[in-house]
Amino acid sequence: MVNVVMFGIKYNHFLGGALIVKLIIGNKKYSSWSMRPWLILKVKGIKFDEELSVLNFATNNRHFSDFSPSKKVPVLKHDGMTVWDSLAIMEYVSELFPEKQLWPDDLRARAHARSIANEMHSGFLAIRNEFPMNMCRKPNVVNPSPAALDDINRIEKIWAECLDMYDGPYLFGDFSISDAMFAPVVNRLQVYKVQCQPSTIRYCDVITELKAWKEWDRAAHKEPWIYENAEI
Ligand SMILES: N[C@@H](CCC(=O)N[C@@H](CS)C(=O)NCC(=O)O)C(=O)O
């Protein structure tokens, strides 16, 4: 690893050699945590190797312990390092490629972006449990519980505030880690046909129009594995 300082910014790169970032993910159809770092890497044009390790709940995903300290995906391998947990992975990538601006540049916007990314990471259990991400689900209505409805209302408020404050099209103007954190919610709102306000619908359209989203979606549709527990 070579640290290069240009224009006052430190760039951590290999010079002349291959820069190998490897992301190990779960099934594209179901693995919402895998989608997040995968999307930010793609949207920001960061080259990486990708490995899919198929979820196997019958064995409690024991095989994940071969490469993942937490026995979960996603996991990132780089320069002899293992980084696990979606948000930690994206923070690592953000520091590795500061020129790609994975967080907003402005201190206050960045604090705001981190607040909502962390709120997503540690919360919204009701919508996550009731409405599992399922890229191949034929959309139909599932009524949310009061707790899931609270989650949805809060998410819509977060998005509306951001889109208003930073003028869109993404939550903080340019695509950032915060958009990646909330991206699986876009699938959930659409495939469970949740009634949403117009600004939410517009934002969902912006996300599903991403080239990277379409690539993930196409690959998900080619996967043969079906998990009954995630087929609500
Ligand atoms: N907090 C973790 C959650 C990771 C997670 O739960 N991943 C799921 C796949 S989406 C998993 O590996 N599940 C396997 C298991 O729980 O056995 C993150 O942000 O990466």
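Where is lysine 71 placed? The place of lysine 71 is the loop between β4 and β5, and point 6 returns to this residue.

1. Basis of the model. The structure is a predicted model, in which local features need pLDDT of at least 70, side-chain atom pairs count only at pLDDT 80 or more, and totals for chains, interfaces and linings use all residues. Residues are numbered from 1 along each chain as its sequence is written. Helices (H or I, at least four residues) and strands (E, at least two) are DSSP runs, numbered from the N terminus.

2. Domains. The chain is divided into domain 1 (2–100) and domain 2 (107–220); such bounds come from an automatic or database domain assignment. The centres of the two domains, taken over C-alpha atoms, are 21 Å apart. Their contact takes 14 residues from domain 1 and 19 residues from domain 2, where two residues are in contact if their C-beta atoms, placed from the backbone, lie within 7 Å. On the side of domain 1 that touches domain 2, α1 and α2 each supply at least two residues. The largest share of that side, eight residues, comes from α1. By class, that side of domain 1 has eight nonpolar, two polar and four charged residues. Here Ala, Val, Leu, Ile, Met, Phe, Trp, Tyr, Cys and Pro count as nonpolar, Asp, Glu, Lys and Arg as charged, and the others, Gly among them, as polar.

3. Nonpolar core. In soluble globular proteins, nonpolar side chains tend to be buried together. The largest nonpolar core in this model has 55 residues, and those with the most contacts inside it are Leu39, Ile40 and Ile177. A nonpolar core is a set of buried Ala, Val, Leu, Ile, Met, Phe, Trp, Tyr and Cys residues joined through C-beta atoms within 7 Å. A residue is buried if 20 or more other C-beta atoms lie within 10 Å of its own, exposed if 12 or fewer, and partly exposed in between, with C-beta atoms placed from the backbone. Helix α6 (residues 177–191) gives the largest share of this core, nine residues. The core lies between domain 1 (2–100) and domain 2 (107–220), because both give residues to it. Leucine 39 touches Ala180, Ala183, Ala212 and Trp216, not counting residues up to four places away in sequence.

4. Ligand shell. Which residues come nearest to the ligand? Of the 13 residues around the ligand, they are Ser31, Trp33, Asn61, Lys72 and Ser86; a residue is near a molecule if its C-beta atom, placed from the backbone, lies within 6 Å of it. The elements that give two or more residues to this shell are α1 (32–43) and α2 (86–96). The shell has four nonpolar, seven polar and two charged residues.

5. Hairpin. Strand β5 (residues 75–78) and strand β6 (residues 81–84) pair in the antiparallel sense over four bridges; strands pair if DSSP finds at least two bridges between them. The two strands form a hairpin with two residues between them, and aspartate 79 in the turn has a positive phi of about 50°.

6. Backbone exceptions. Most residues other than glycine have a negative phi, and most peptide bonds are trans. Lysine 71 has a positive phi near 60° and counts as partly exposed because it has 15 C-beta neighbours inside 10 Å. Asparagine 61 has a positive phi of about 55°. The bond from valine 73 to proline 74 is cis, with omega near 10°. A cis peptide bond also joins glycine 168 and proline 169, with omega about 0°.
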